[in-house]
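Me: Please take me through this structure by question and answer, treating the local details alongside the packing around them.

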Amino acid sequence: MSAFWITLFVLLAAASALFLLAGWRQRSASDGDRDRLNKTFYQQRLQELEEDESQGVVAERPVMVRELQQTLLTDIPQAGTAQAHSSSRWVLLPGVILLIGVSLGMYLKTGGLANVMAWMQVKADYPQLRARLMDPQAKPLTMEELGRLELGLRSALQDDPDNLNGWTMLGRLGMVLNNATIASQAFEHALQLAPNNNDLKLDYAEVLTRSGDPQDNREGGMMLRDLRKQQPANLRTLGLLAFNAYNQQQYDEAIGAWQSMLTLLPAGDSRVAMIERSIEQAKTDAGQQNSQLALRVNLSPEAEKMLPQGGVLYISVSDGVSPVPVAVKRLPLSHFPLSLTLDDSNAMMPNRLLSAQHQVQVRARISRNGSANPQSGDWFGLSALTPWNGHSQLAVEINQQQP
C-alpha cells in the first residue's frame with residue numbers, strides 16, 4: 001500500500017478517535033459534575049442544620065438528616081441507568097460515519113484525487129517510458145508521452161537530487177516541450193553539479209536566448225561570449241551567439257558571428273545560403289544596405305491593344321523558391337514603357353526584405369478590375385530568375401494572358 005493511502009487512513013482514524021473521545025469525555029464530565037453538585041449541596045445542608053440546631057431553630061435534627069440522606073440516595077443513578085449511558089455511546093457511531101463521509105467527499109471535490117491518481121500512474125509508467133526513449137529501435141514517444149516522461153522524471157529526481165544525467169535529460173525535455181521554466185531550472189541544477197561542463201552551459205544559454213525575457217537574453221549573450229572564447233570554432237556557439245545578438249539589435253556582433261560560421265562551413269553546405277541571407281537581413285536592419293531594383297516594363301503589341309480602362313498594374317518580386325512575394329507595388333495604368341524602382345519599403349513582411357535576397361524574379365500583371373488575385377483574361381509578363389546583388393536592373397514584357 002502506498003504512503004498516500006496509509007496517510008489517508010491514519011488521518012481518518014485519528015479524526016474518528018478524537019471525535020469519539022470528545023463525546024465520551026463530555027458524557028463522563030456531565031455525570032461527574034452532577035455527583036459533585038449533589039455532594040456539595042448535601043454538605044451545605046448538613047452545615048445549615050447544625051447551625052439551626054445550635055440556635056434552637058430545629059428541634060428534630062436527626063429526622064431532617066435522614067430525609068436529606070434519602071433525597072441524596074434518590075438522585076444517585078442506578079446500575080441500569082449507568083448501563084444505559086454506556087450503551088448510548090454507540091449513538092456516536094453515525095457521527096463517525098458522517099465525519100468520514102464528509103471528509104472523503106470534500107477531498108474528492110477539492111483535493112484533486114484524479115490528479116493524484118494520474119501522477120501515481122505516471123510514476124508507475126516512468127521506467128517503461130524512459131526505456132523507450134533510450135532505445136533507438138523503439139517507437140518514438142509522442143508529445144503526450146514526453147510530457148508524462150517529464151513528470152515522471154521530475155518525481156524521480158526528488159528522490160535522487162544529485163543525478164546529473166537526470167537533470168540534463170529534464171532540461172532537454174523542457175526544451176522539446178517548449179517549457180522554458182522547467183528547462184531553465186533543470187540546467188541551473190545540473191550546472192551546480194557540474195559547473196565546468198560546456199555542453200550544459202551551451203544548453204542553458206540556448207534556453208536563455210530563446211526566452212521572452214530581455215534579462216534572460218542578456219545573460220545568455222554573456223554566457224555565449226565566454227563560450228566563444230573557449231571554443232572559437234564551435235558552430236552551435238556561433239549560431240546561438242548570432243541569433244542572440246540579432247534579437248538584441250546588436251547587428252555588428254551578429255554579422256561577425258555569422259561570417260565566422262561561413263569560414264568554418266565546407267563549400268556546398270546547405271547552411272551557407274541561409275547564413276548569407278541572415279547577414280544581408282542584419283545589414284539591412286542596421287541601415288548598411290541601400291538596395292534598389294530598377295525595373296523597366298514593356299507591353300507586347302497584343303497586350304497594348306487590349307488595355308482596360310481603369311486597370312491596375314501589379315508588380316511582384318519573388319525569390320524564385322517561395323510563391324509568397326518578397327516585394328509588391330501597385331500602380332495605376334499609365335504610358336508604356338514604364339520605369340520604376342523597388343526597395344525594402346515595398347517588402348511584404350519585415351523579415352523578408354528585398355535587399356536580403358540573392359536571386360529575384362519579377363512578375364508584372366494588369367488587373368482589369370483592380371483585384372490583387374489573378375483573374376482569367378488578365379495580361380502578365382514574367383522575367384527570368386536573375387542573380388541579385390542589390391543593384392540589378394531588369395526588364396519584363398507583358399505578353400501573356402491569364403487562362
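**Helix packing, cores and loops**

Me: In which helix is Gln128 found, and what is the relative accessibility of Gln128?

Reply: Gln128 is found in helix H5, where helices (H or I, at least four residues) and strands (E, at least two) are DSSP runs numbered from the N terminus. This is a predicted model, in which local features need pLDDT of at least 70 and side-chain atom pairs count only at pLDDT 80 or more, while totals for chains, interfaces and linings use all residues. Residues are numbered from 1 along each chain as its sequence is written, and side-chain values use heavy atoms, with hydrogens and water left out. Buried means under 20% relative accessible area, exposed over 50% and partly exposed in between (1.4 Å probe, protein chains only), and Gln128 counts as partly exposed because its relative accessibility is 44%.

Me: How many residues does the protein have, and what share of them is buried?

Reply: The protein has 14 helices and nine strands. Of its 403 residues, the buried ones make up 33%.

Me: How are H7 and H8 oriented to each other, and what is the handedness of their crossing?

Reply: The axes of helix H7 (residues 164-176) and helix H8 (residues 180-193) come within 8 Å and cross at roughly 155°. H7 is therefore roughly antiparallel to H8, since angles under 35 degrees count as roughly parallel, over 145 as roughly antiparallel, 65 to 115 as roughly perpendicular and the rest as oblique. Axes here are lines fitted to C-alpha atoms, for helices over the stretch in contact, with angles running from 0 to 180 degrees between N-to-C directions. A crossing is left-handed if the near helix is turned anticlockwise from the far one by less than a right angle, and right-handed if clockwise; that of H7 and H8 is left-handed.

Me: Which residues of H8 do those of H7 meet?

Reply: Contact means heavy atoms within 4.5 Å, and H7 contributes Leu164, Trp167, Thr168, Leu170, Gly171, Arg172, Gly174 and Met175. On the H8 side, these residues meet Ile182, Ala183, Ala186, Phe187, His189, Ala190 and Leu193.

Me: Which residues have the most contacts inside the largest nonpolar core?

Reply: A nonpolar core is a set of buried Ala, Val, Leu, Ile, Met, Phe, Trp, Tyr and Cys residues joined through side-chain atoms within 4.5 Å. The largest one has 29 residues, and those with the most contacts inside it are Leu149, Leu153, Leu170 and Leu224.

Me: Which residues is Leu153 in contact with, leaving aside its neighbours within four places in sequence?

Reply: Leu153 is one of the residues with the most contacts inside the largest core. With neighbours within four places in sequence set aside, its partners are Tyr126, Arg130, Gly166, Met169, Leu170 and Leu173.

Me: What angle do H8 and H9 make, and how far apart are their axes?

Reply: In a left-handed crossing, H8 meets helix H9 through residues including Phe187 of H8 and Tyr204 of H9. The two helices pack at an angle of about 155°, and the distance between their axes is 10 Å.

Me: Is Asn217 buried or exposed?

Reply: Asn217 is found in helix H10, and, apart from neighbours within four places in sequence, it is in contact with Leu208, Thr209, Ser211, Asn244 and Gln248. Its relative accessible area is 13%, so Asn217 is buried.

Me: Where does Asn178 lie, and is Asn178 buried or exposed?

Reply: Most residues other than glycine have a negative phi, and most peptide bonds are trans. Asn178, however, has a positive phi near 60° and lies in the loop between H7 and H8. With a relative accessible area of 71%, Asn178 is exposed.

Me: Which residue is joined to Pro337 by a cis peptide bond?

Reply: Pro337 is found in the loop between strand E3 (327-332) and strand E4 (338-342). Omega is about 0° for the cis bond, and the partner of Pro337 in it is Phe336.

Me: How are H12 and H13 oriented to each other?

Reply: H12 and helix H13 (residues 271-285) pack with their axes 9 Å apart, at an angle of about 160°. H12 passes H13 in a left-handed crossing. Given that angle, the two helices are roughly antiparallel.
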